[in-house]
Amino acid sequence: MNETTTEISRPRRAMASKLGAAEPLSTSQLLDLYRWIYTSRRVDDMELKLKKQSRVYFQINGAGHEAVLASLGMIVRPGVDWLYCYYRDRALMLPLGYSPAEMLLDAVGAADSSSGGRQMPSHWSVPRVNVVTKSSCTGTQFLQSLGCAQAGRYMTHNPAITPDKIKYDPEEITIVTGGDGATSEGEFFEAVNAACLETPHGQLPMLFVIEDNDYAISVPKSQQTAGGSISKFLAGLSTEGLLEIVEVDGTDPVACYTTFRRVEKRLREERRPVLVHAHVIRPYSHSESDDDRTYKTPQMREEEQKRDPLVNFPRDLIERGVATDAQLESIRRDVDAQIEAAAVAAVAARRPEAAAVTQYVTSPTVDPTSDRFATAPQFENLELTMIQGINKVLFDEMARNPGIVIFGEDVADVGQDELLKDIPAVIKGKGGVFKATAGLQKQYGSLRVYNSQLAEATIVGAATGMATRGLKPVAEVQFSDYIWPAMMQLVNETAKIRWRSNNGFSCPAVIRVATGGYLGGSGAVYHSQSVEATFAHIPGLLIAYPSTALDAIGLLRTAIRCDDPVLFLEHKRLYRQPILKSQYPGAEFMIPFGRARIPRQGKGLTVVTYGATVLKSMAIADKLAAEGIDIEVIDLRTIVPWDQNTVAESVRKTSRVLVVHEDVRSVGFGAEIAAWIGENDRSWQGRGFPALFLITESRLGPAG
Ligand SMILES: Cc1ncc(C[n+]2csc(CCOP(=O)(O)OP(=O)(O)O)c2C)c(N)n1
């Protein structure tokens, strides 16, 4: 079955048949379309004018993309559907009720804009109609929209989640847009693949809209996509019936509207994915800082102008007798006046206070460092290693919170649902390469516990999209050495969603990551790296790094119950250490973040450490005690935030500090601790600058 269809037509020729189609647009709908197309272009023009006056700092336009986007807006169910929109999507925002006044507040960076002045213009974020905050990254939206759609599917199939608890609608669809250039990002292919996968709970009702203007800044499509067409590139998926692909003239609003209406049934009723490849134009330069005359000839630019919907659509409306020139002129005058007034208001609008810049880096309401997360242990007669403790917390938290979803590479017990009944009689079940998730799928089913694709960006991107919807994904990255494909999501998305949307959205996902070395000789370089310093650099991302079973249990529960994204680092070497075992402290036990532990008190020297080097430091401290050296060991437990008070107090007492970490010496997290101690030396109450050393694990020697 080949579902690829081509609907490229010039608006003028197409109009008669489109107007007479089964679901013809009414006159008022056609005039609405014209109003949105015209408004979008004129807001662009106003922003360009304000840019020339240095009232705005950047401008990116939606010119030439208006027709496909305005018509897409007509099929959106505002507040029901979910949207991840590209920076060209001004004309999609208008039918959703996002006004020129709001757009211009965004453009000038007003305090009362959607990002509180933190984002560039046209980085849409409208919580009231489920337009999820977009970054400047060209491809990250695809995987987040995947997670959003997965969340919708999850909620539809999980009766424990009702719309009064988490917003969803059984008919919702997820719409994600992007340019032809953006389809070269690996995340696009990962998202299409995952959306098309047949799972026990079906495919995903995702509408991918590719706005193809032939260029990515100056790079033509011929250098971008093999064969020059993303829809032809993906044709195999449509041949298999996995994805419906439709090509359409994106400058023809009626053809686009008809296309979107036609694919709605597949999306809303059949819950299956669709890709609309819309051929548009880009009559303005990429942005105000680009000049397309440097790479397009005058003739090329003239050809493009001939397809401009702002010229062709009103002409067709008049020629078809839908509207008179006077009627259209009246719309234009009305819109112009509205935009003028909006610009005056935007220029006068309040700008953010400088102090507001640190607001909403983390949750303003849930503080994981607070006493609310300090619960006393109620020990049960159940002794657990660190990995068993992690597994037990996941079991208990899943029972408590139906919003928890667990996925990652190999985390499921089995790949086929029908094998679940064979556990444990016939097969043991996998449950993660380290067994952290063993038995969870058997207990909670494959809606809640499943294998992801072998794609770390997908794992984190999908977790990000799910968490934004209100679920609590606890995803696993198998080895920290392989977390890097997810770096873009973690740095630019997961960690920044709350801040950049001015608290409009949040992303409290938990990403569990096996990390660190000592894999019995077989670890080598790609199974032993320390990654905490890299991630500690990212505002908005909390990092826990337990060194005992008890801490892993308490900190993981805090990570799950708090409202911020947490990178939960689990040292592989500690997973099964008998010496680190603990009795299970009960299903409510939590340890607040940012509170260090002092496993050994001393007066002669402070050792500040975390993770696997805690155990090593303790062993050396015990040894040196015999030689009369009295060492205090501080286990930070969490890297972000880290407990400066406890360190300060100890340093004041000992006046000597040794910072120990497993990472390379330069620019590891230990360097941060050492720098902080040095920077704050004046606060050591006149006791002088403390002797300060940074030591890496390799220097601990065999005794460690
Ligand atoms: C990941 C990433 N790489 C590079 C950029 C810089 N950049 C911004 S827009 C753009 C071109 C995007 O082209 P396309 O997706 O075709 O959309 P268009 O601008 O043509 O509508 C580039 C390279 C970016 N924002 N993000």
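Two strands count as paired where DSSP finds at least two bridges between them. Helices (H or I, at least four residues) and strands (E, at least two) are DSSP runs numbered from the N terminus. The model on display is predicted: local features need pLDDT of at least 70, side-chain atom pairs count only at pLDDT 80 or more, and totals for chains, interfaces and linings use all residues. Residue numbers start from 1 along each chain as its sequence is written.

**The open sheet**

Begin with the open sheet of 7 strands, whose order is S11-S10-S12-S13-S15-S14-S20 and whose pairing is mixed. Its edges are strand S11 (449–451) and strand S20 (638–640), each of which pairs on one side only. From one strand to the next, the twist averages 20°; axes here are lines fitted to C-alpha atoms, for helices over the stretch in contact, with angles from 0 to 180 degrees between N-to-C directions.

Select strand S10 (residues 404–408) next. Of its 5 residues, 5 are buried, a residue being buried if 20 or more other C-beta atoms, placed from the backbone, lie within 10 Å of its own, exposed if 12 or fewer, and partly exposed in between. In a regular strand, side chains alternate between the two faces of the sheet. In S10, Ile404, Ile406 and Gly408 point one way, while Val405 and Phe407 point the other way.

S10 pairs with S11 in the parallel sense over 3 bridges, and Ile406 stands opposite Val449 in S11. S10 also runs parallel to S12, joined by 5 bridges, with Glu476 in S12 as the bridge partner of Gly408. Move on to strand S12 (residues 472–477), which pairs with strand S13 (residues 510–515) in the parallel sense over 4 bridges; there Ala475 stands opposite Ile511.

Now show helix H20 (residues 549–561). This helix lies across S12, S13, strand S14 (542–544), strand S15 (566–571) and S20, and runs at about 160° to S15.

**The nonpolar core**

Which residues have the most contacts inside the largest nonpolar core? They are Ile511, Ile543, Ala544 and Phe568, in a core of 192 residues. Such a core is a set of buried Ala, Val, Leu, Ile, Met, Phe, Trp, Tyr and Cys residues joined through C-beta atoms within 7 Å. Helix H2 (residues 27–52) gives the largest share of this core, 9 residues.

Centre the view on Ile543. Leaving aside neighbours within four places in sequence, Ile543 is in contact (C-beta atoms, placed from the backbone, within 7 Å) with Glu532, Phe535, Ala536, Leu567, Leu569, Thr638, Ile639 and Val640.

Select helix H5 (residues 100–108), where 7 of the 9 residues are buried. These are Pro100, Met103, Leu104, Leu105, Asp106, Ala107 and Val108, and they pack against H2, helix H4 (90–93) and helix H13 (325–348). Gly109 follows H5 and has a positive phi, near 75°.

In helix H17 (residues 487–494), the buried residues are Met488, Gln489, Leu490, Glu493 and Thr494. Their cover includes helix H6 (140–157), helix H16 (456–469), helix H18 (497–500) and helix H19 (532–536).

**The ligand shell**

Finish at the ligand. Of the 16 residues around the ligand, Thr138, Gly179, Gly181, Ala182 and Ala216 come nearest; a residue is near a molecule if its C-beta atom, placed from the backbone, lies within 6 Å of it. Strand S3 (174–179) and strand S5 (215–216) are the elements that give two or more residues to this shell. The shell divides into 5 nonpolar, 8 polar and 3 charged residues, where Ala, Val, Leu, Ile, Met, Phe, Trp, Tyr, Cys and Pro count as nonpolar, Asp, Glu, Lys and Arg as charged, and the others, Gly among them, as polar.

Technical notes: Contact = placed C-beta atoms within 7 Å.
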